Amino acid sequence: MESVYDNWDMFQQYLNLLEQHLGTKSEIVLHDLKKDYGNTIADIRNGYLSGRRVGDPGGDWGIEVLSGTVKDGSRYNRVFHTRDGKIIRTSTVFFKGNDGSIVGSICVNTDISDLVRCEEYLRNFNMYDSSKSDQIPESTIFTDVNELLTKLMNQAVAMVGQDVDKMTKEEKESVLRYLDEKGAFLITKSGDRVCDFLGISKFKLYNYLNSIRGEKETEK
């Protein structure tokens, strides 16, 4: 298999099964991860839950897996909150092609908001515990890939703990290292936005990225 379209009929059967079995409270998404990350959604069922449609982007987890930062990308029953207050239980499985590279994924996002508001035994049934440290604190669903890049840049600044206009050269390099590890530069034209954000030239950006990627190869 070179892409999800090589087994399109099979994937359609999977999505039909999940849609019929899980009902309207579960969004099922098929991502074509051979496409530009800004429009990976190849098929989506019950997209009203996130407001997404075919041609929209993937989230921050998928881009980390594609960047190689995460080796075993499939995850099950993670919980996050959307901007409009929904509580979503999400599971993702990735598919590899004949050459071993990732070609696609299926995500199931189930709205468990009403159940979480019920008695404690229903909360346990949904595997949701707000005290767990591994819960995702912010939305991971985006209708514009630029929102994903903005989130990653803000996370990088928070990690450094310094305003961009006051950052030293070393602190800006830390921001670039963080963005590279998170897969930010897989986003089309991300280099232009990062250069504007940090106030650096394209020349400096590429020189530093070459340097840190060389360090990674040496560490291997």
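**Aromatic contacts and nonpolar cores**

In the predicted model, Y14 is partly exposed, with a relative accessibility of 39%. This value lies between the 20% below which a residue counts as buried and the 50% above which a residue counts as exposed. F11, by contrast, is buried, at a relative accessible area of 0%. Both residues belong to helix 1 (residues 8-22), where a spacing of 3 residues places F11 and Y14 about one helical turn apart.

A pair of aromatic rings is described by the distance of the centres and the angle of the planes. In total, 3 aromatic pairs were identified. One of them joins F11 and Y14 in an edge-to-face arrangement, with 6.3 Å from centre to centre and 80° between the planes. F11 also pairs with F95: the ring centres are 5.1 Å apart and the planes meet at 70°, so this pair is likewise edge-to-face, since angles over 60 degrees fall in that class. The pairing of F11 with F95 connects distant parts of the chain, as helix 1 holds F11 and strand 4 (residues 87-96) holds F95, 84 residues away. F11 and F95 are both buried. Together, F11, Y14 and F95 make up one aromatic cluster. A further interaction involving an aromatic ring is found at W61, over whose ring the charged end of R78 is placed, 4.6 Å from the ring centre.

In soluble globular proteins, nonpolar side chains tend to be buried together. The largest nonpolar core of the model comprises 33 residues, and those touching the most other members are L148, L176, L179, F185, V194, L198 and L205. At least two residues of this core are supplied by each of helix 2 (60-67), helix 5 (145-160), helix 6 (169-181), helix 7 (190-198) and helix 8 (202-219). Helix 5 provides the largest share, 7 residues. Beyond residues up to four places away in sequence, F185 touches L176, L179, D180, S190, G191, V194, L205, L209 and R213.

T40 lies in the loop between strand 1 (26-32) and strand 2 (41-45). Although placed in a loop, T40 is buried, with a relative accessible area of 0%.

Terms used:
Residues are numbered from 1 along each chain as its sequence is written. Side-chain values use heavy atoms; hydrogens and water are left out. Helices (H or I, at least four residues) and strands (E, at least two) are DSSP runs, numbered from the N terminus. Buried means under 20% relative accessible area, exposed over 50%, partly exposed in between (1.4 Å probe, protein chains only). A nonpolar core is a set of buried Ala, Val, Leu, Ile, Met, Phe, Trp, Tyr and Cys residues joined through side-chain atoms within 4.5 Å. Contact means heavy atoms within 4.5 Å. Rings of Phe, Tyr and Trp (its six-membered ring) pair if their centres lie within 6.5 Å; planes under 30 degrees apart count as stacked, over 60 as edge-to-face and the rest as tilted. A charge sits over a ring if NZ of Lys or CZ of Arg is within 6 Å of the ring centre and within 35 degrees of the ring normal.
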